[in-house]
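Hi everyone, thanks for coming.

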Amino acid sequence: MRYFLRRAGFFAATLWAAVTLNFLIPRLQPGDPAEAIVARLSGRSQAIDPAQVAAVRTMLGAPDGTLLTQYVNYLGAVLRGEFGVSYTYFPYPVTHMIGQALWWTVILVGVTHVLSFAVGTLLGAWAAHRRNTRADSVITLGSTFVGTLPFFWLALMLIYLFAITLNWFPARGGYGPGSNPGWSWIFFSDAFQHSVLPALALLIVGPIGWIIGMRNNMVQTLGEDYARLARAKGLPQRRIALTYGARIAILPNVTGFAMALGGILGGTVLVESIFNYPGLGRMMLDSVTNRDYPLMQALFLFITIGVLLANFLADMLYGVLDPRVRREVAA
Amino acid sequence: MTAELAATEARRATRLPGWLVILWRNRKCRIGLVMLAGFVLVGLLAPGLAPYEPRDDSFDGSLPPGAGHWLGTTARGEDVLSQLIYGARISLVVGLAAGALSTVIALVVGLTSGYLGGLVDEILSFFTNLALVVPVLPLMITLAAYSPVKGLWLIVAVISVTGWAYGARIKRAQIISLRTRDYVTAAKFAGDSTARIIMKEIMPNMTSLVVVGFMGACLGAIGGEAGLAFLGLGDPASVSWGAMLNQANNGGAMLTGQWAWLVAPGLAFAGLMIALTLVNFGVDALSNPHLRED
Amino acid sequence: MRGRKRILIASLVTALAVAGCTGTEGMSAPQDTAQGMIGYLDYGDFGGGTEPQANYNPYLPATQLGATGYLFEKLVEYDHFSCTPKPWLAAAYSWTDPKTLVLQVRQGVKWTDGTPLTAKDVAYSYSLIKKYPAFDNEGVWRYLSSVEATDAATVTMRFKDAGASAFTLAVNVLIVPEHIWSKVPDPATFVNADNPVGTGPFTVKAFNRQQLTIQRNPNYWQADKIKVQEIRFHKADGGGPIDQLKMSRGEYDHNAMFIPDVDKAYVARDPKVNHYWYPPGGTISVYLNLTKKPFDDLAFRKALTGAFDHKQIIDKSQNGYVTQASQSGLIVPGHDKWLPPGLTGKGVIPYDAAKADAALTAAGYAKDADGTRLGKDGKPLSFTFKVPGEWTDWLAAGQIIVKNLKALGFDVDLETPDFPTYESDRAIGSYDALLGVHGGSCNMFRNFAEPLAGDQSAPIGKKAASNFVRWKDAETDRLLGELRVATDEATQKKAVAGLATIMMEQVPVIPLWYGAKWFQYQTDKAVGWPDAKNPYAAPSDNLLIITNLKPA
Amino acid sequence: MALLEVRELSVTYRPRDAAHVHAVDRVGFDVDEGEFVGLLGESGCGKSTLGNAVLRLLDKPAAISGGSVVFDGVDVTHASEEDLRPLRWARISTVFQSSMNALNPVITVGAQFDDAFRAHDAQGDAAALMEMVALDPDVLRRYPHELSGGMRQRAALALALALRPKFVLLDEPTTGLDVVVQRTILDRLRELRAELGFAVLFISHDLGTVMEMADRVMVMYAGEIVEDQPAAAMLTRPLHPYTRGLLGSYADPRAAEVSVDYVPGRPPDLSREQTGCRFRERCPVAVAACATTHPPLAPAGPGAVRCVLGGDLPEAGQARAFSPDRPELTTTAPGEPVVSVREVVKDYRVRRGWRTTVTRAVDRVSFDLRPGRVTALVGQSGSGKTTLARLVTGIERPTSGTVAFGDLDVGGLRGRRLTRYRRHVQIVFQDPFAALNPTRTVGYALARPLRNHLGLGERAAVEKAAELLEAVGLHPAEQYLDKLPHQLSGGQRQRVVIARALAPEPSVLVADEPISMLDVSIRAEILQLLDRLARDRGIAMLYITHDLLSARLLADEVIVLRDGRVVESGPALRVIRHAEHAYTKLLLDSIPTLTRTL
């Protein structure tokens, strides 16, 4: 109970900090989003029309009152779930935009993350089981070296190879021009084709952390007394590897799984930008570069909440999986 | 602990930094150190090695690799090889500077929080945990995009400010375990001051942890710089590998078949990362005798 | 199945046999290609950001979809290349006095729901943008005092002052149907997504975030001129390499995007079909902060007019797509008729570093033994030059400019703030020198007033509206005053010539090049695109172009 | 044919970046069916490695480098892992030293029984097994971390017996447990063996338990077995000087006269080539031949011995002995107390959610420390003895009651005044490995208190440090000043720790279990040193221990603690020889007695 309260308190404080940071960022910025919008519209080859800047400024509306009242109003709005209207997609509300992008990210990241975790953990466990053999070195060294390749570069190479040279898969986007998002087979198969390359990129890099983490953990647990005792008990190798090695070694990975979800949500910025995937990450980058403050604020908050939830989930999951902390969590 | 022991012994034997001697003994690590030294040399001697100025755009654009330009030219007519060579500087400078800076932040926060405990610890731990859960990349992007000044030091600052938390947490845990050691209590009974205890009793037992943290921070920083630069949020005035990839991508390298422009920065980056990873193997072994044995 | 087809296409592509291989996926084959008609055309991006949302509100140009310009029309269309007005929804117009403009609404024009267009719709549209200042994107109501439908076919516009200089703005308002918009609860946030009703040549057929399809409006008032059944806009990703690839594969019949090395990457792929035309837009100039020394010295500024290597800037930073700008502040050759008589080389000043060096020395800015340029106080001249860091082509230009200045002995630092900082520094005058854009519109008053008028300036530290160099000159303001109220072209020309002369002689800013308007097109399906030989419209004049396209 | 036949067995550690160590060197022995064999040895002698080699559980970098182990006719050293499986647990099982880690933490105890049954297609009644070791069958549904150390060890024992093996290898099964718990487990083990008749190889460093339990005892030293004979015979006539030294280190605290022996020195470094007898450098009866001859394990008396002397030990040349020579103390000694502890209470608050529970670690304890006198605090773990030490040294503050140092209230000291107080009160720590900073030299460790508390200059501090080293028996001192802790043996380290504690010339010394981490053979030596220092220098010593024998040897006064309360206190002789409180008696009765086997 105490543990739970402590965590809940921490999450609340973190949320508050994120909201405050959110509030401050646009207010610490030089320049005027209206001007940025008009400048983008005009391009670099045309003069900015001050009249249009004024019109856009009116359109966006400006907060008023002292900084403190603005802050209080902002907190209130966030609590009520009002995130305002996007600057880039005026007059569409920010929540509408996030609702659209959310599923792309959730499905792409969800599937690849789970797959990466499964593949990585299995490979890592296999390597640990076969530690100090050729299979082990191939897996460990191989994944270490693939891990050094810059992710975005890998993604570019995939595009170059599979989309541009071979033309097997579409290079970018979430779906083609011919299919309308909806519950249709055409759309799903199209969306699937579009997700192949980004998913592939994520799946190449994704398992590496799990492989190495799992292997090192399991090598360690297999060296513990209980694993030795299991050998002394004459248990089959498989059973030792699973119940006395993997079962325990996977625990930190499980926490890591949820924790990493946060990093991955952030990391989608890269993937989705390169593949122009219509998810939260690209929207985040766009909102930052377009100075779409309401959208950026909401996304930032949203991602932070996602990370916090993931952490919370990880804590709970760890409690369920590890009897050593179960009591404390339940208490 | 064994690491510090061995390090202390090695230092006494050779008068070189002990951890360096241990690193050198590890074969993988030795290869990594040599590679790293290569990159450092390339970075240092860039003006001598590079055939041209990295921003000299007086050549024909989009030339394929050939005699005059071994890796061809960019769409704007810059020599790719020269950019590649100068790019090593950026990666190394950012890696070292941001790695060092975030290690220092982590060390200061970790030391203070772990040794003092109590309210200070509660507050610092809160900020550490906060920094751990705040999504790093979006924060980095926001900071980098909205900073009124651009430049390499901004990137260094952004990476350090967003990347210190993990190290601080680890160092705090280590301090907490070290500060209750009997020899620390003994130092208190010997009348040593807190500062002296931290510097003379605790710090020497943390060298390997600090080195490991620093290496990790360097790797992260180099990756972070490349990522930011690739997203177009890097220092517009400097030619880094990430920025080269960004320009290659935006400049239609795929389109004009300028594969060298696209491939070379990625491979160079991977090479540097491999060098650092190999060094890290040794560093890991330094801190974890478990790994040293198998 | 499609995968196989792709492989086939891929091998074809790698063999560089790219001619006209259109990659539109999943679309039903174009419907009956009636005789003398073009089935469909593939166009480039349709705006609305990376996640476009249905938005056909003509008064929200910042977020509306690009097709909106084909759905709604204005009273008068402009050929923005030669700046010639073309009567459009107004069949005719005349000034009854300098403050009153009477327009005859074209008869027989029907809204796409079948209702006829009346003068009331026009008056309503103007009242709408008055009521919602966010809609008044050109600030029309700064000049207008009233817009009334005097009868079913006549609209009377009254101006606060003589209205000639505001004419281009006043007629540049899209007209919406009153019977629909008056029922909209909040027009300010109205996205007009379901079957937007307009008078334009096209109606919305289908939209998703990747593609926007509009189809020919058979009841269009000049339907006979529309030979295109359907236009398909494709979502682009900001000039990314993929779009360039699609471009080079011939997947666009028309696009307006930046392509590095367009001759090699595009035209060379199919020289017979692939074409581009990059007419000039605004003028990009070096802005010197005239409140600071030595920039307040005319001789100094004049010396710098030939100090920049235009050719290198154009070739390197602009891929050679643009032309050098005239010091006169006018676009040559587009604005040739406005040039003051007897101007050498249309005011284009060639690069001559030696001459600039000599002129500087003569003006009292000598070099010391080390080659460092000294100010009149004998101290080395050092200043900064700002360019937005993320605008890579400007950055490249900035680097050349700084190189040129350094060669003259100045100690110049290139600063690369992000755009908002740059924009804010520029507005409050917190800079030494930077690049800025001005002019390029068909409104000569705007072209000169925005960068040079005294009332567009502000003291250092306060935001200037558009006179960022803080040019303060009574003669300029007087000429602008004349131009503002001039109703006949002769008076206008005289005032413009006077202003151009000030540009030439007083050098408030130093124009370098004309920003290019990107415009690529293919001639395998449609012909009749504007080009250098037949510049009947600027690339942005969609309605003028679409009414000129014919099957190949 | 014996049940277990070990022949010429060698085990070598081959770490990648350090010298190879021959931890077990050509060892041979038999264990017969139903026999209970003890394997006695000190830390680092190779006994656990030998045990693991017999079970074939060695992990890298250790590996069997020669010889064979044949169990029940199966060559364990060369069989494949698959061939070994039927043998394991069904016929040969084990209990490891630390059962904290020996049980899988994430599955229930019951599941670990089922594991064993299923692996061998056996039916078993885990509940009955639990009852056999006097545990509630309910324990089967619990996880290891929910059990106490004693319960875990009993569960491990039950698990080892689950398939009724013929042979059980017990590797330090009671180390780290309280005496009382140890007693119950050993009693249980004896009963079970009588009932089930399995053979045991009992590995331990604890002479008392081995002698009490085993039929036959093997003594291991430096990777070799140096003596092997029936326990009773060994007790009366040890054949090896080392065995004789070990036996001498043991005594019954309740005896009228108590004297303990010690064997100075440390075992040889097994990473080096060995010539001659490995014990010769510590041997009190060594002869010239010891340096050149490596004696074989040769029959002698009722067993075998590895000694040049062949088991005929001269009476003269006993190991050195420590026998406290003090007038019998029957009353509390006179003299002004240096430290007075009065009615001290220490509560620890543990917050759990909304509730805060208070644990009372020390409950109204009073005692005095007087110059030149040693007061022993005796109790099991959790009795509050270490908390009392922390209160006396000012690390903790009492919840109520006072700790007075002269006129000074220790509980109220902070900052600089606390530092000044600590000049007078120093600590000798339990673990000499943790008490010295591994990265700092002996000279540095000694110089700090000298410079801080005595204000000596650098040179004076070095001289004084050398003096201190000589005083604790490390000479020549110059040789030690530059050493790092890991270059010293445990005993030497503890001497350095003591020297450091003496450096500021304290009036009070708190010694927290100073010998419990040391090898049996050198414990008495350290006790003797502490004894001499306290009495010669007039230091008031608070000696904290769980070991009544050492309390009897060192202390003038004994205070027996249980759950934070004093259950009995008084002059050492009175409390130990004529214990009044039942708990004190229980503690005394739990000590393994050599006489019991006789």
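This is a predicted model: local features need pLDDT of at least 70, side-chain atom pairs count only at pLDDT 80 or more; totals for chains, interfaces and linings use all residues.

Okay, so who does touch? There are five pairs of chains in contact, and the pair sharing the most contacts is A and C. Chain C also meets chain B: 20 residues of chain B are in contact with 20 residues of chain C. On chain B's side, helix H13 (241-250) and helix H14 (253-256) each bring at least two residues. H14(B) gives the most there, with three residues. Sort that side of chain B by class and you get nine polar, seven nonpolar and four charged residues.

Now over to chain D, and its sheet. Quick reminder: strands of a sheet pair through backbone hydrogen bonds, either parallel or antiparallel. In chain D we have an open sheet of eight strands with mixed pairing, and the order is S6-S7-S8-S3-S9-S10-S13-S12. Which strands sit at the edges? Those are S6 (92-95) and S12 (298-300) of chain D, each pairing on one side only. On average, neighbouring strands in this sheet are turned by 25° against each other, ignoring direction.

Let's zoom in on one pair. S7 (residues 167-171) and S8 (residues 199-204) of chain D pair in the parallel sense, over five bridges. Here D:Leu170 stands opposite D:Phe202 in S8(D).

Last stop: helix H6 (residues 149-160) of chain D. This helix lies across S6 and S7 of chain D, and runs at about 180° to S6(D).

Methods. Residues are numbered from 1 along each chain as its sequence is written. Chains are lettered from A and ligands numbered from 1 in the order in which they are written. Two residues are in contact if their C-beta atoms, placed from the backbone, lie within 7 Å. Helices (H or I, at least four residues) and strands (E, at least two) are DSSP runs, numbered from the N terminus. Ala, Val, Leu, Ile, Met, Phe, Trp, Tyr, Cys and Pro count as nonpolar, Asp, Glu, Lys and Arg as charged, and the others, Gly among them, as polar. Two strands pair if DSSP finds at least two bridges between them. Axes are lines fitted to C-alpha atoms, for helices over the stretch in contact, and angles run from 0 to 180 degrees between N-to-C directions.
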